Amino acid sequence: RMNLAQRVQTLTPSTTLAITAKAKELKQAGHDVIGLGAGEPDFNTPDHILNAASKSMYDGFTKYTPSGGTLELKKAIQAKMRQDQGLTYDMGEIIVTIGAKHALYTLFQVLLDKGDEVIVPAPFWVSYPEQIKLAEGNPVIVNAKEENDFKLTPEDLKAAITEKTKAVIINSPSNPTGVMYEKEELKALGDICLENNILIVSDEIYEKLIYADTEHYSIAQLSDELKEQTVIINGVSKSHSMTGWRIGYALGNETIIKAMTNLASHSTSNPTSIAQVAAEAAYTGNQEEVEKMRLAFSERLEKLYDWITEIPGIECVKPKGAFYLFPNVKKAATMNGFDSVDDWVEALLEEEKVALVPGSGFGAPDNVRLSYAISIEQLEEAAKRIKRFVETHQ
């Protein structure tokens with residue numbers, strides 16, 4: 001019998017994938033399934049990006065690149081940070097990675113020793129705790145309450161700190177909740193991190209998808225001290241509809257970035273050459289498509305939010321960014337006679353053929369995640385089916 005390494009035996013499979021597999025099965029059996037599980041925009045990558053990538057292939061840009069990314073892409077990232085956040089990073093403070101997920105994975109690998117703690121506010125993106133465990137660290141899950149709009153409060157943060165705390169994750173706008181931190185809220189959390197010498201991991205992958213009149217702030221913008229104490233994680237996946245291209249990056253202290261680059265040189269060699277050209281075009285080219293996509297999401301959010309909150313037993317904190325709703329459906333599930341939200345989600349898929357992602361995988365068992373990265377028509381039909389399901393089981 002082949003014994004697998006301890007480190008992979010503790011991994012929890014992704015809840016998103018489980019429900020997606022079930023939905024796929026029903027679809028293949030000929031059912032009309034509406035999947036609200038998607039974690040990616042439903043638009044194609046803009047044409048000017050496709051053209052740049054295509055040209056680079058024919059120009060022979062198909063060889064190895066530097067491990068930490070091409071100089072051209074790093075310059076484009078540098079310019080983007082200056083323009084959007086007013087932040088300046090040197091070349092040695094930037095690493096390009098194979099998606100933002102790989103940036104996070106590599107960061108935890110170079111940062112954590114056995115037993116080091118990372119504070120993870122729940123609801124969290126499913127991969128944070130798993131990546132921390134893979135680096136032999138301990139994810140310290142802190143429940144960010146729904147009445148605080150799922151945001152970590154200074155009190156919550158203080159209470160979770162021990163002498164083993166190495167870092168805290170801040171994800172704004174958040175997956176799965178879509179909520180964002182205000183400038184003052186970030187400042188209050190940042191002060192505590194500075195006092196306790198805790199690294200801030202700022203995941204800003206949804207930064208371009210923001211609605212209402214909210215402004216996105218990176219915690220690194222608030223002071224030079226906070227910039228030094230923060231590693232920003234970002235990428236082009238969500239902003240430019242480039243999930244499959246796999247280009248992300250990390251920005252921060254040169255010592256950390258250098259260690260990440262060394263590790264990448266032994267694990268992945270380099271991000272795909274062609275995808276790097278595409279990402280460079282994403283940042284240096286026309287941003288009209290980005291705005292078009294944002295407006296489409298904004299319209300869907302307004303409509304879906306109204307449709308979902310009209311359903312009895314469902315309450316929802318209104319998101320300000322990303323493309324998810326994260327409603328609390330506990331009352332509806334109880335009212336419908338189910339022991340858990342997970343059971344309710346499963347029955348909804350069986351009966352009405354609507355696939356939602358249960359919140360248990362995000363550390364919030366009373367909630368579900370709905371992605372509005374599909375057409376308005378499909379969203380309206382999904383909302384009708386959910387409503388019918390809830391009313392039928394009352």
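## Residue classes and the model

Ala, Val, Leu, Ile, Met, Phe, Trp, Tyr, Cys and Pro count here as nonpolar, Asp, Glu, Lys and Arg as charged, and the others, Gly among them, as polar. This is a predicted model, in which local features need pLDDT of at least 70 and side-chain atom pairs count only at pLDDT 80 or more, while totals for chains, interfaces and linings use all residues. Residues are numbered from 1 along each chain as its sequence is written, and side-chain values use heavy atoms, leaving out hydrogens and water.

## The second largest pocket

The lining of the second largest pocket (lining residues have an atom within 4 Å of a point on a 1 Å grid; a pocket is an open set of points with protein on both sides within 12 Å along at least five of seven lines) is made of 15 residues, of which Asp84, Glu207, Lys208, Ile210 and His216 lie nearest the centre. By class, this lining divides into 4 nonpolar, 5 polar and 6 charged residues. Helix H4 (71–85) and helix H12 (288–309) are the elements that give two or more residues to it (helices are DSSP runs of H or I with at least four residues, strands runs of E with at least two), and H12 supplies the largest share, 3 residues.

## The largest pocket

The largest pocket is lined by 46 residues, with Thr16, Gly37, Gly39, Trp125 and Arg369 lying nearest its centre. Helix H2 (15–28), strand E1 (34–35), H5 and helix H6 (127–134) each give two or more residues to this lining, and H2 gives the most, with 8 residues. The lining has 21 nonpolar, 16 polar and 9 charged residues.

Methods. 1 Å grid on protein atoms, 1.4 Å probe; cavity = no way out; pocket = protein on both sides within 12 Å on 5 of 7 lines; lining within 4 Å.
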